[in-house]
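Here is a walk through one structure, taken one part at a time. Keep the sequence and the 3D view side by side while reading.

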Amino acid sequence: MNESIELKLPSVIGSVDEAASQAESFVRSCGLGDDVASAIDLAVRESVANAVKHGNKFDPEKMVELKFLRSPKGLEIFVRDFGPGFAPEEIPDPTNPENLLKANGRGILFMRSFMDEVEWSNHDDGGMVVKMIKWQLSQ
Amino acid sequence: MADITISERQAGDVTILDLDGKVTIGEGSVALRNAIRRLLGDGKNKILMNLGGVGYIDSSGIGELVSSFTAVNKEGGTLKLLNLTQKIQDLLAITKLLTVFDVYEDEAEALASYN
């Protein structure tokens, strides 16, 4: 079993599938089941899609960096973009009645719903990192 | 292979779209948008979307369902959903969109609701 995997993907939509595929392999190599795999899959897809679209804005010069890490705390996922960053608390709540019919803005809700911890930070060398943790993995 | 296949059936004045595949960022969401635009362009605005064959959907796909709903409403029509998988039902519950969409498990019942 690999304790961690790191990869860099281009800022294209196809990277979402690639990241999810790598995440699936990592989750399975950890001996984890379908429920965890499904949650990780959605969280990885949403975070990488955000990095490609909103962070890097499809800039071919910018990569999306991922790290999957098996730690005593659980399964940790880091997704870094090289965009200007954003304030997560300023993202409108998509479940507010006034936002229900908006086409966008649900990715972060899904990440928070399917992972146990989600937090964003500015990287020292630029860009933004989202760290997501799934706790207490049973095998 | 395409992410999604969208087939069209007619039941009276209701158009049923059978979706099979993934409704995700990129191809799947675009295909759905195009299908809805085409129906509305043809004056077909009573639409029943059968999601029984949708194995995967993400926030982009959910957003496309919402956009479809508002586009059809804008044309004076009605969009309803049929055969939600458990996964889609969960995502619609999380987003509180189960309060927005009219959802059915039985096609005949869904079709009758348009009358």
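In this predicted model, chain B holds an open sheet of five strands, arranged in the order E1-E2-E3-E4-E5 with mixed pairing. The edges of the sheet are strand E1 (4-11) and strand E5 (103-104) of chain B. Each of these two has a single partner strand, so one of its sides is left without a neighbour in the sheet.

Strand E4 (residues 78-82) of chain B runs parallel to E5(B), and two bridges join them. Leu81(B) has Val103(B) of E5(B) as its bridge partner.

The helices of chain B come next. Helix H1 (residues 27-41) of chain B lies across E1, strand E2 (14-23) and strand E3 (46-57) of that chain. Its direction is at about 170° to E2(B).

H1(B) also packs with helix H2 (residues 59-74) of chain B, at an angle of about 10° and with the axes 9 Å apart. Because of that angle, H1(B) counts as roughly parallel to H2(B). On the H1(B) side, the contact is made by Gly28(B), Ser29(B), Leu32(B), Arg33(B), Ile36(B) and Leu40(B). Among the residues of H2(B) that take part are Ser60(B), Glu64(B), Ala71(B) and Val72(B). By class, this contact of H1(B) with H2(B) has five nonpolar, six polar and two charged residues.

Finally, there is the meeting of the two chains. Here 17 residues of chain A are in contact with 15 residues of chain B. On the side of chain A that touches chain B, helix H2 (34-55) and helix H3 (107-114) of chain A are the elements that give two or more residues. The residues on this side of chain A divide into ten nonpolar, four polar and three charged.

Note on methods:
Residues are numbered from 1 along each chain as its sequence is written. Chains are lettered from A and ligands numbered from 1 in the order in which they are written. This is a predicted model: local features need pLDDT of at least 70, side-chain atom pairs count only at pLDDT 80 or more; totals for chains, interfaces and linings use all residues. Axes are lines fitted to C-alpha atoms, for helices over the stretch in contact, and angles run from 0 to 180 degrees between N-to-C directions. Helices (H or I, at least four residues) and strands (E, at least two) are DSSP runs, numbered from the N terminus. Angles under 35 degrees count as roughly parallel, over 145 as roughly antiparallel, 65 to 115 as roughly perpendicular and the rest as oblique. Two residues are in contact if their C-beta atoms, placed from the backbone, lie within 7 Å. Ala, Val, Leu, Ile, Met, Phe, Trp, Tyr, Cys and Pro count as nonpolar, Asp, Glu, Lys and Arg as charged, and the others, Gly among them, as polar. Two strands pair if DSSP finds at least two bridges between them.
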